[in-house]
Amino acid sequence: MKFGARILKTGIAITLALFLATVFQLPTAFAGISAIFAIQPTIYRSYLSIIEQVQANVIGAVFAIGAGLAFGYHPIIIGLTAIIVIAINIKLKAVSTIPVALVTVIAILDSPGENFIDVALIRFFTILLGVLAAFIVNLVFLPPKYETKLYMRITENTEEITKWIRINLRQTSEHTILKAEIDKLKENMIKLDQLYLNYKEERNYFKRESFAKSRKLVLFRQMIVTTNRALETLKKLHRLENELNQMPENFHKVLIHELDYLLYTHEESLLKFIGKIKTHPTNEHINDEKFDKQKLTEAFMVYHNENHSSCFYSLLPIIATIIDYNEQLEHLNLLINSFHSFHKEDNEIKLSEDE
């Protein structure tokens, strides 16, 4: 299990909540519990969350106190109150805050006494204190470095995909193992999309920074799209492995040559983005090389004209996917070249070595 920043933030939030509860002489347990639910992955989401968490806390307290005064403190009453509170939070589209609301309900109704209102208010403010402690931790401690995380995850996924495409093209992959790897890669791409959304949610306080981030958002989105096209290419190569093995040697050579070029260009574009290689390579060999979709298509048509095999129609999607992969890659390189050519003072790539 990877020890991430969110784990550390949760521990700090619990500690701070317990410390503040002790200082104000409030019950510590409920403060710590509410702090756990209030931790968020982004600062902006934390800002939105504290409003929703306070709202949920108020709803839970109001209904718990009302139910306690009207019907008493029987477990059935607590259960029915919880159902009502859940329904209200769903109606308000605040599903994520249901746990805090339920903690408030249970905290207030679980241990009734003679001074019910006083105890209820104390526990209400205790839970509120835990939410506040989590918000402070989200705001101050370990701000997420999404640019570093995004680039590293994109690079890792791309390297894995390109590695398996090369292995598959040379017919050295084991079918079931590659299928399991593709499933993992699909899960990794879903996680990557979520990471991108977290980065997109983060707000900048200065207009200049906002414009720079908008440009980076476009670039990161195109990187993810291009990596998805590479994954789609791998999936089709794997699914149609038997059909490809029936193709003549000439077509195989053309396919390997053109895909090797795309994979090399894809890896090069990621290094170009962080400035590790020149934006406009001067190497003549690189300048002379380019993806030749006409050559690939013609080699494919020659096979069809000579053999009239049913495999021709099965393999058509692979040709289309490879051409689409190339177009997305060309667009990515265009964006990277533009990114490094204009607004150089704003387009700083914030990558941390410790991520």
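Which residues does Gln328 touch, leaving out those up to four places away in sequence? The list is Gln222, Val225, Thr226 and Arg229. Keep in mind that you're looking at a predicted model. The protein has 14 helices and zero strands, and below is a quick tour of a few spots in it.

**The big picture**

- Reading from the N terminus, the elements go α-α-α-α-α-α-α-α-α-α-α-α-α-α.
- The protein has 355 residues, and 44% of them count as buried.
- Take the contacts with a separation of 6 or more: 79% of them come from residues 24 or more positions apart.

**Gln328, back to the opening question**

- Gln328 sits in helix H14, which covers residues 311-341.
- Its relative accessibility is 16%, and buried means under 20%, so Gln328 counts as buried.
- The partners of Gln328 are Gln222, Val225, Thr226 and Arg229, once residues up to four places away in sequence are set aside.
- Helix geometry gives some background here: an α-helix has 3.6 residues a turn, so residues three or four places apart point the same way.

**H5 against H6**

- Helix H5 takes in residues 98-110 and helix H6 residues 116-140; the two pack at an angle of about 150°, and their axes are 9 Å apart.
- Angles over 145 degrees count as roughly antiparallel, so H5 is roughly antiparallel to H6.
- The H5 and H6 crossing is right-handed.
- From H5, the contact uses Val100, Val103, Thr104, Ala107, Ile108 and Leu109, while H6 brings in Phe116, Ala120, Arg123 and Ile127.
- Sorted by type, the residues of this H5 and H6 contact come out as eight nonpolar, one polar and one charged.

**H7 against H11**

- Helix H7 (residues 146-169) packs with H11 at an angle of about 165°, and their axes are 11 Å apart.
- With that angle, H7 is roughly antiparallel to H11.
- The crossing of this pair, H7 and H11, is left-handed.
- On the H7 side, the residues are Tyr151, Ile154, Thr155, Thr158, Thr162, Ile165, Arg166 and Leu169.
- On the H11 side, they meet Leu255, Ile256, Leu259, Asp260, Leu263, Tyr264, His266, Glu267, Leu270, Leu271 and Phe273.
- The contact of H7 with H11 splits into twelve nonpolar, four polar and three charged residues.

**A length check on H11**

- Just past the end of H11, Gly275 has a positive phi of about 80°.

**Positive phi without a glycine**

- Gln25 isn't a glycine, yet its phi is positive, near 55°.
- You'll find Gln25 in the loop that links helix H1 (5-23) and helix H2 (28-38).
- Is Gln25 buried or exposed? At 74% relative accessibility, Gln25 counts as exposed.
- Lys93 isn't a glycine either, and its phi is positive at about 60°.
- The place to look for Lys93 is the loop between helix H4 (75-91) and H5.
- Lys93 has a relative accessibility of 74%, so it counts as exposed.

**Lysines around Lys235**

- Lys179 belongs to helix H8, residues 175-201, and at 46% relative accessibility Lys179 counts as partly exposed.
- How many residues apart in sequence are Lys179 and Lys235? They are 56 residues apart in sequence, with 8.5 Å between them in space, C-alpha to C-alpha.
- Lys186 lies in helix H8 too, and with a relative accessible area of 36% Lys186 is partly exposed.
- Along the chain, Lys186 and Lys235 are 49 residues apart, and 10.0 Å separates their C-alpha atoms.
- Lys186 touches Lys235 and also Leu231, again not counting residues up to four places away in sequence.

Technical notes:
Residues numbered from 1 in each chain as written. Predicted model: local features only at pLDDT ≥ 70, side-chain atom pairs only at ≥ 80, totals over all residues. Heavy atoms only, no water. Axes fitted to C-alpha atoms, helices over the stretch in contact; angles between N-to-C directions. Helix = DSSP H or I, 4+ residues; strand = E, 2+ residues; numbered from the N terminus. Parallel < 35°, antiparallel > 145°, perpendicular 65-115°, else oblique. Left-handed = near helix turned anticlockwise from the far one by under 90°. Contact = heavy atoms within 4.5 Å. Nonpolar A, V, L, I, M, F, W, Y, C, P; charged D, E, K, R; others polar. Buried < 20%, exposed > 50% of the residue type's maximum accessible area, 1.4 Å probe, protein only.
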